[in-house]
Amino acid sequence: MATNRPDNELRGAARRMWPIRSRSLSREWTVHVSDHDIATRSRRRTLKDLVAAMIPVLADVEERGGTAEEMQLHANRILDPDPYNPYVSQSVWFAAEWQAAQPWDGPFKDWTREHLAQQCGYWYPADIVDCVADSLEPRRVSVLKPPAPTQDTYGGVYVATASIEPGFLLEDVGYLVPEVQAAINHKHERGQTKGAPADKWLVVALDGGNAAAQFDACFRPEQQQPCPDLGDALDLLSFDEVWILAKTFHGRRCVVLRLSNSGDEPQSCTIEIP
């Protein structure tokens, strides 16, 4: 299993509070929260607090009305941190050069940072504080599909998490290759299939959020870009075939990639999970 401890802790936090019901909501929202700085972000910046701040935003979007698709679009525009991220947007409300030029330190500087972040207009200013104070990337929230009318008493929020945005596609397979190759090397070194009378197969299940998002982005059926050639990047060693599996973040699907030591082209498919 290819795992990532901070990422797994974040996903565990999401599972413990999923789904989150709120009297303010009348629809079912499915959102993805990505955090590039899970390991270094302050423990005070919990996922629970982030989602609690998100609920009023979604409630306002519902009150505004429109089709479910329009609600999804409107919510994503509000939740996007880029217009308020000084390292991306170069906003005039707060700049790293301004912060560095200040002579004060201690509580007063902290208060000033907090005060300016509150004025930036972003729905969760605490992440902007972390961005400026500690150079942490603001967490990104994206609504994955149009919100559906609830079948329950109240609406709710279903949260998926990872340290990478859904649909993020690397130009190479830099993240997947070390994870999968390490699994192949580990099994090969143990020699458990030595002397096997037939073809030797290995199944590698990707359990880390980064790897699953990368895998889903590369090989989902609707992906129009050419898939990376994992067959050339990986050494299958003593195995005749290696099957790589990853469950997608949203939707009940499992992506499977079949690699062969015979030189055949990699094959991929998506399986719907009952």
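Which residues of strand 2 are buried on one side, and which on the other? Arg27, Trp29, Val31 and Val33 lie on one side and Glu28, Thr30, His32 and Ser34 on the other, all of them buried, where buried means under 20% relative accessible area, exposed over 50% and partly exposed in between, with a 1.4 Å probe and protein chains only. Strand 2 is thus mostly covered, with eight of its eight residues buried.

The model is predicted, and local features need pLDDT of at least 70, side-chain atom pairs count only at pLDDT 80 or more, and totals for chains, interfaces and linings use all residues. Residues are numbered from 1 along each chain as its sequence is written, and side-chain values use heavy atoms, with hydrogens and water left out.

Strand 2 spans residues 27-34; strands (E, at least two residues) and helices (H or I, at least four) are DSSP runs numbered from the N terminus. Strand 2 runs antiparallel to strand 3 (residues 140-143), joined by four bridges, and two strands count as paired if DSSP finds at least two bridges between them. Within that pair, serine 34 has arginine 140 as its bridge partner. Strand 2 is also antiparallel to strand 4 (residues 148-149), with two bridges, and here glutamate 28 is partnered by alanine 148.

Arginine 27 belongs to strand 2. What is the nearest side chain of opposite charge to arginine 27? It is glutamate 62, 5.4 Å away, and the buried arginine 27 has no salt bridge, a term that requires a side-chain nitrogen of Lys or Arg within 4 Å of a carboxyl oxygen of Asp or Glu. For charge, Lys and Arg count as positive and Asp and Glu as negative, while His and the chain ends are not counted. A polar atom of the arginine 27 side chain does lie 2.8 Å from the backbone oxygen of proline 147. Beyond neighbours within four places in sequence, the contacts of arginine 27 include Ala68, Met71, Thr150 and Gly155, contact meaning heavy atoms within 4.5 Å.

Elsewhere, four strands make an open sheet of mixed pairing, in the order 6-7-8-9. Its edge strands, each pairing on one side only, are strand 6 (201-206) and strand 9 (267-272). From one strand to the next the twist averages 20 degrees, with axes fitted as lines to C-alpha atoms, for helices over the stretch in contact, and angles running from 0 to 180 degrees between N-to-C directions. Strand 8 (residues 253-260) pairs with strand 9 in the antiparallel sense over six bridges, and cysteine 254 stands opposite isoleucine 271 of strand 9. Helix 7 (residues 176-190) packs on this sheet, touching strand 6 and strand 7 (241-247), and its direction makes about 135 degrees with that of strand 6.

Notes: A polar contact is a pair of N or O atoms within 3.5 Å; within protein, one must be able to donate a hydrogen and the other to accept it, and residues adjacent in sequence count only if both atoms are side-chain atoms.
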